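Please read the points below with the model open beside you, taking them in order.

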Amino acid sequence: MLDPGAVIRIDGAARIAGGAADAADTPRELRGASTWAKQLIAMSRGLRFVQPALINGSVGLILATGGKLSRVLTFTFTNAKIARLEVIGDPARLRELDIGVL
């Protein structure tokens, strides 16, 4: 399912669990499926709040804990495998997305 060279990019706001992001907090980018598979497992704890959606016309997931949008996951596929995953939690960026719940 994951391309061996897959990249995950997590913005600063998405990296902070349960709190406001520090303005100095920069995005984090991890390369290689084996490097970030553990990150996906950690993120899966909130799956009961995840719903598939169209994000800017592409397949993605939204995380709405307590009914409030907190994160969006967008995927880029190459050869039927996930090549890139972006986790967006910055409220300003979330407002800019065209989200259609499936």
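**Notes on the predicted model**

1. Strand S6 is largely enclosed by the rest of the structure, because six of its eight residues are buried. Here buried means under 20% relative accessible area, exposed means over 50%, and partly exposed lies in between, with a 1.4 Å probe and only protein chains considered. Helices (H or I, at least four residues) and strands (E, at least two) are DSSP runs, numbered from the N terminus.

2. Before going further, please keep in mind that this is a predicted model, in which local features need pLDDT of at least 70 and side-chain atom pairs count only at pLDDT 80 or more, while totals for chains, interfaces and linings use all residues. Residues are numbered from 1 along each chain as its sequence is written, and side-chain values use heavy atoms, with hydrogens and water left out.

3. As for the overall layout, the protein chain has three helices and seven strands, and along the sequence these follow the pattern β-α-β-α-β-β-β-β-α-β. Of its 102 residues, 31% count as buried. Among the contacts (heavy atoms within 4.5 Å) with a separation of 6 or more, 49% are between residues 24 or more positions apart.

4. Which strands pair with S6, given that two strands pair if DSSP finds at least two bridges between them? Strand S1 (residues 2-10) runs parallel to S6 and is joined to it by five bridges, with Val 7 standing opposite Arg 84 of S6. Strand S5 pairs with S6 in the antiparallel sense over seven bridges, and Phe 75 has Leu 85 in S6 as its bridge partner.

5. Asn 79 lies in the loop between strand S5 (68-78) and strand S6 (81-88), and it is exposed because its relative accessible area is 72%. Asn 56 also has a positive phi of about 50° although it is not a glycine; this residue is found in the loop between strand S3 (50-55) and strand S4 (58-65), and at 48% relative accessibility it counts as partly exposed.

6. Side chains of opposite charge can pair when their charged atoms come close. A salt bridge is taken to be a side-chain nitrogen of Lys or Arg within 4 Å of a carboxyl oxygen of Asp or Glu, and by this rule the count comes to five. One of them joins the side chains of Glu 86 and Arg 9 at 3.2 Å, N to O. Glu 86 lies in strand S6 and Arg 9 in strand S1, so this pair ties together parts that are 77 residues apart in sequence. Glu 86 and Arg 9 are both buried.

7. Another salt bridge joins Asp 11 and Arg 93 at 3.6 Å, N to O. This pair links distant parts of the chain, with Asp 11 in the loop between S1 and helix H1 (12-15) and Arg 93 in helix H3 (residues 91-96), 82 residues apart. Asp 11 counts as buried at 4% relative accessibility, whereas Arg 93 is partly exposed at 28%.

8. A further salt bridge is formed by Arg 31 and Glu 29 at 2.7 Å, N to O. Arg 31 is exposed, with a relative accessible area of 56%, and Glu 29 is partly exposed at 37%. Finally, salt bridges that share partners join Arg 9, Asp 11, Glu 86 and Arg 93 into one network.

Technical notes:
Two strands pair if DSSP finds at least two bridges between them.
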